[in-house]
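Please read the following account alongside the sequence and the coordinates.

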Amino acid sequence: MPETVFAVITVSDSCFNKTAEDTSGPCLIQLIEEAFQTSSILGKIVPDEKSVIAMALCEYADQHRVQVIFTTGGTGFAPRDVTPEATKSVIDRECPQLALAMALESFKKTPFAALSRAVCGIREKTLIVNFPGSVKAVRECFESIKMVLPHAIQLIRDEVKLVRKTHDTVQQPVETIYRHVCPNKTNSGEISDRNSPFPMICVSDAVQIVLQKVAAFGGASFREFLRNFEAPVDIPPFRASLKDGYALRSSGFAGVKTVVGCISAGDKANSYELSDDECFKINTGAALPTDADCVVQIEDTKLLEKKADGREYLVEILVEPKPLQDVRPIGCDLKRGSPLFPNIDVSDVAIRSLMASVGHEYDIKKPKIGIISTGSELVRPTEAYSPGKVFDSNTTMLEELLKNFGFKCHVKAVVDDNFDNVRKIVENMFNEVDFVICSGGVSMGDKDYIKPVLTDLGFKLHFGRVNMKPGKPMTFASNRMKYFFGLPGNPVSAFVCFHIFTLPAIRYASGHDINKSKLAVIKVKLDSEKIELDPRPEYVRATITSRKGELLATVTGNQMSSRLQSILGADVLLHLPGWTPEKQVLTAGELLDASVLRCDFISHFES
Ligand SMILES: Nc1nc2c(c(=O)[nH]1)N[C@H]1C(S)=C(S)[C@@H](COP(=O)(O)OP(=O)(O)OC[C@H]3O[C@@H](n4cnc5c(N)ncnc54)[C@H](O)[C@@H]3O)O[C@H]1N2
Ligand code: MOO
Ligand SMILES: [Mg+2]
């Protein structure tokens, strides 16, 4: 069954203000998860404000394009109960019988059901259902409409084939109706078998689903660990000199001083009783003697006399010394007990070097990742070529991409297009890793076994088609905290989908801020000739030139998804919009969004 995206909105002033715990929202989420094997669930808590509720409904329906929104709370008679009014203000069509079904069921339990004003309706392609606020009522009402929801969703989506199928099977229990439909039975002759049952969702929705699923992995707890980590030491741990010069007492003023010794970095703080006309020669980074309160740099002194052995004896301090001059007080860089990571930056460089600075050799725990390349045609680059075969470039490319972004491939495998073999490899690999990045076998061929294998292994398929070029059959599935990225086999499709979906997911799972998990998007100017737009929004590889401060993008030749050479010199993925009658071509000079593929993303500088 294609993925259905749900949203649950808890409407409650007290939950919003955190003076009460939200129990009905989580209850609804649990009920959805139990009833719908393949569901993604978004959610938020809003106060009992009509405009805020209406805005949340529109956001989920229009921006996130969720198929079903459940609200809970705010349906009663109290002055601030306005969920029905907010719902009515955004729906195009009302569904009074759904509300009636819930009311009839509730009446069996309590006459107080009469006090619910719940509204159900449709906004474009989104079904909105108001539930009352109590957990008990939520359970009863959900039970009363659960059976008809899949069919309602299909009707709203206008999925004629699935609707027909549902009509045929409507006597069966809901679990049977909602079972996964294998996308690969292309030989049975049934109409429904010749089209992917997966809805073509847009890239931003797909990315959101991925990030939402991966949120459970532990990135947030790593951030929490870093946020709570207190510096176990002061830096500097002693009063340190900022200059090569002379340590002295500022109370002694400028003038001639006797040099009583030399202090180097690494020496213990000297406790010699320093008088006002004495000083120590000192190096940058060395500990000040206990009696000194300032340092005067060599440039501001004059050597007057040396001893017979060459050691300095008398120096003249030429500037008036001030207390604390050129001294780093204890803990001035970092106070013991203060947060070591006041700003969370999960780069290896930042974390490992800061940890090292306080005496820890820290191993950052990252998700374990495996790579699978599928295809009976594949031979390893080191193997002899034989007719009909293709050298496997995806394994190497994905391994290198992981390295490039600071991740490791723990285990890799190449498997032929055989259901049992693919199943075994995927199952075994998940015993070792958290994330599997697979390529090939996700499209419509009768040897494309990835989707059926995942279903067989109990994975939830969150999406199986995305409206993008390349990468249309991009597939994402999860099973508890195991995540599967089914990248399309074409090498460039795998390259693009890795950057758009997989990299943000593994970064987010590793604790990166959600906004820094995705590739950075910048504005660039198209420098290529006219480009004909494709019906699908396209990710085009392009080289960036900086000319007079302006960033110009030149497309890297033929963009066929099989032509790996198009990644040569690819600094960015240009976002081309999908073709519309109003916008059919792009011309040089147009400003476009571009996802940055690498930190050294400017290939040419022209003045
Ligand atoms: N009837 C349809 N056919 C196809 C559709 C469709 O919508 N309907 N989508 C096309 C699109 S778009 C893509 S992309 C591909 C994706 O196919 P799969 O993910 O099933 O990948 P395969 O069929 O296994 O392979 C596709 C292509 O890529 C080559 N390949 C695969 N793995 C590797 C590798 N490791 N190294 C190098 N090259 C590899 C493979 O030999 C094929 O040429 O499906 C279209 N079909
Ligand atoms: O979407 Mo496919 O990835 O065009 O080649
Ligand atoms: Mg295929």
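Glu312 counts as buried because its relative accessibility is 17%, where buried means under 20% relative accessible area, exposed over 50% and partly exposed in between (1.4 Å probe, protein chains only). This is a predicted model, in which local features need pLDDT of at least 70, side-chain atom pairs count only at pLDDT 80 or more, and totals for chains, interfaces and linings use all residues. Residues are numbered from 1 along each chain as its sequence is written, chains are lettered from A and ligands numbered from 1 in the order in which they are written, and side-chain values use heavy atoms, with hydrogens and water left out.

With which residue does Glu312 form a salt bridge? The partner is Lys281, and the closest N and O atoms are 2.8 Å apart. The term salt bridge denotes a side-chain nitrogen of Lys or Arg within 4 Å of a carboxyl oxygen of Asp or Glu. This pair links distant parts of the chain, since Glu312 belongs to strand 13 (residues 312-317) and Lys281 to strand 10 (residues 278-282), 31 residues apart. Strands (E, at least two residues) and helices (H or I, at least four) are DSSP runs, numbered from the N terminus. Lys281, at 22% relative accessibility, counts as partly exposed. Side chains of opposite charge can pair when their charged atoms come close.

Both strands of this pair take part in an open sheet of 6 strands, with the order 11-8-10-9-13-12 and mixed pairing; two strands pair if DSSP finds at least two bridges between them. At the edges are strand 11 (294-297) and strand 12 (301-306), each of which pairs on one side only. From one strand to the next, the twist averages 40°, with axes taken as lines fitted to C-alpha atoms (for helices over the stretch in contact) and angles running from 0 to 180 degrees between N-to-C directions. Opposite Lys281 in strand 10 stands Cys262.

How many salt bridges does a search of the whole structure find? The total is 31. Among them is the pair of Arg328 and Asp333, whose closest N and O atoms are 2.6 Å apart. Arg328 is partly exposed, with a relative accessible area of 21%, and Asp333 is likewise partly exposed, at 48%. Glu590 forms another salt bridge, with Lys583, the closest N and O atoms being 2.9 Å apart; Lys583 has a relative accessible area of 29% and is partly exposed. Elsewhere, Asp13, Glu49 and Arg80 are joined into one network by salt bridges that share partners.

The cysteines may be considered next. If a disulfide is a pair of cysteine sulfur atoms within 2.5 Å, the count comes to 0. For Cys27, the nearest cysteine sulfur is that of Cys141, 11 Å away. Cys27 is buried, with a relative accessible area of 5%. For Cys58, the nearest cysteine sulfur belongs to Cys95, at 16 Å.

The last stop is the metal site. Two OD atoms of Asp448 coordinate the magnesium ion (ligand 3), at 2.5 Å. Donors are N, O and S atoms within 2.8 Å of the metal (3.2 Å for Na, K and Ca), and water is not among the atoms, so sites may look incomplete. Asp448 lies in the loop between strand 19 (435-439) and helix 15 (450-456).
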